[in-house]
Structures are given as C-alpha cells and as structure tokens.
Amino acid sequence: QVQLVESGGGLVQPGGSLRLSCAASGSIVSINVMGWYRQAPGNKRELVAAATGGTMRSTNYADSVKGRFTISRDYSKNTVYLQMSSLKPEDTAVYYCKADGVTVRTAWGPQNGYVYWGQGTQVTVSS
C-alpha cells in the first residue's frame with residue numbers, strides 16, 4: 001500500500017507564506033504526477049498545482065495561484081512541496097496531496113495506474 005502524509009498547514013495572515021509538504025511512502029516504484037488540490041467549504045475540490053515526472057517534467061498551476069505558489073518535487077524522496085506566498089483569505093481551504101499514475105510493487109510484479117490522496121491539511125488565511 002501507499003500512504004501520503006501532508007504537513008505544513010496552519011493559520012497565516014494575509015500576505016504571508018506557508019510551505020506544504022507531502023511525502024509518499026510504501027511499495028512505490030514510481031509516481032507520474034504529484035499535485036495539490038484544495039477544497040473550501042461549499043466548494044468543489046479544485047486543482048491548485050501539479051508536477052509531472054518522467055523525461056518531460058512539467059508543472060501547471062491554477063490561474064488563481066500563478067505567480068504566488070510554486071510546486072516542486074524531490075523525486076528521490078517521493079515528496080512534493082507547495083510554497084505559498086502572498087496568501088489571500090480566498091486561499092483558505094483544506095489542501096490535499098494527490099499522487100497519480102503510481103506504479104506499485106505487488107506479488108505479481110509492478111502494477112501501474114494507481115491514485116492516492118492524502119488526508120488533507122487546513123490552511124487558513126486571516127488577520
């Protein structure tokens with residue numbers, strides 16, 4: 001099995017910064033995409049940022065966070081980070097880490113295509 005453990009959430013004032021971390025552990029061979037989603041009360045879960053691995057590594061961001069948030073991955077540690085700056089009250093939400101296109105070790109050999117979610121970490125931006 002694979003577990004995603006997030007950390008780094010909390011309360012911050014508008015204009016402040018936070019750094020979220022998500023570490024994946026378990027019988028992992030590789031992870032294609034690691035990303036961050038968020039869900040505010042009454043809203044649907046939405047993509048914040050994602051980082052795609054492989055030979056053509058890339059990142060993509062929601063328009064609402066471009067220029068303020070930066071996603072990065074440590075491929076050796078199966079960890080993804082989200083550096084959030086210039087935070088606004090509308091960034092308040094539960095932030096979830098997602099690992100997509102995960103290849104895991106099984107008794108039958110590597111199996112791919114798995115998706116895993118973290119438990120979520122609260123980010124509150126308020127004065």
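Let me start in a loop. Ser86 lies between β8 (79–84) and β9 (93–104), in the loop that joins them. Strands here are DSSP E runs of at least two residues, and helices are H or I runs of at least four, numbered from the N terminus.

This is a predicted model, where local features need pLDDT of at least 70 and side-chain atom pairs pLDDT 80 or more, while totals for chains, interfaces and linings use all residues. Residues count from 1 along each chain, and side-chain values use heavy atoms, without hydrogens or water.

Back to Ser86. What is the phi of Ser86? Its phi is near 50°, a positive value, and Ser86 is not a glycine. Most residues other than glycine have a negative phi. With a relative accessibility of 41%, Ser86 counts as partly exposed; buried means under 20% relative accessible area, exposed over 50%, and partly exposed in between (1.4 Å probe, protein chains only).

Asn78 also has a positive phi, about 50°, and Asn78 is not a glycine either. Where is Asn78? Asn78 sits in the loop that runs from β7 (69–74) to β8.

Now the whole chain. How many helices and strands does the chain have? The count is zero helices and 11 strands. Along the principal axes, the C-alpha atoms fill a box of roughly 55 × 25 × 25 Å. Of the 127 residues in the chain, 40% are buried. Take the contacts (heavy atoms within 4.5 Å) between residues at least 6 apart in sequence: 55% of these join residues at least 24 apart.

Which strands form the open sheet? Four of them do, in the order β1-β3-β8-β7, with antiparallel pairing. Two strands pair if DSSP finds at least two bridges between them. Why are β1 and β7 left without a neighbour on one side? They stand at the edges and each has a single partner strand, so one side of each has no neighbour in the sheet.

We can walk across this sheet pair by pair. β1 and β3 are antiparallel over six bridges, and Glu6 has Cys22 in β3 as its bridge partner. β3 is joined to β8 by six bridges, again antiparallel, and Ala23 faces Thr79 of β8. β8 is joined to β7 by six bridges, also antiparallel, and there Thr70 has Gln83 in β8 as its bridge partner.

Then the interior. In soluble globular proteins, nonpolar side chains tend to be buried together. The largest nonpolar core here has 31 residues; such a core is a set of buried Ala, Val, Leu, Ile, Met, Phe, Trp, Tyr and Cys residues joined through side-chain atoms within 4.5 Å. Trp36, Val48, Phe69, Leu82, Met84 and Tyr95 have the most contacts inside this core. Elements that give two or more residues to the core include β1 (2–7), β3 (18–26), β4 (28–39), β5 (46–52) and β11 (121–125). Which strand gives the most to the core? That is β9, with six residues.

Last, Thr121. Thr121 lies in strand β11 and, at 12% relative accessibility, counts as buried. Leaving out residues up to four places away in sequence, Thr121 touches Glu6, Gly9, Leu20, Ala93, Val94 and Tyr95. Tyr95 was also named among the core residues with the most contacts.
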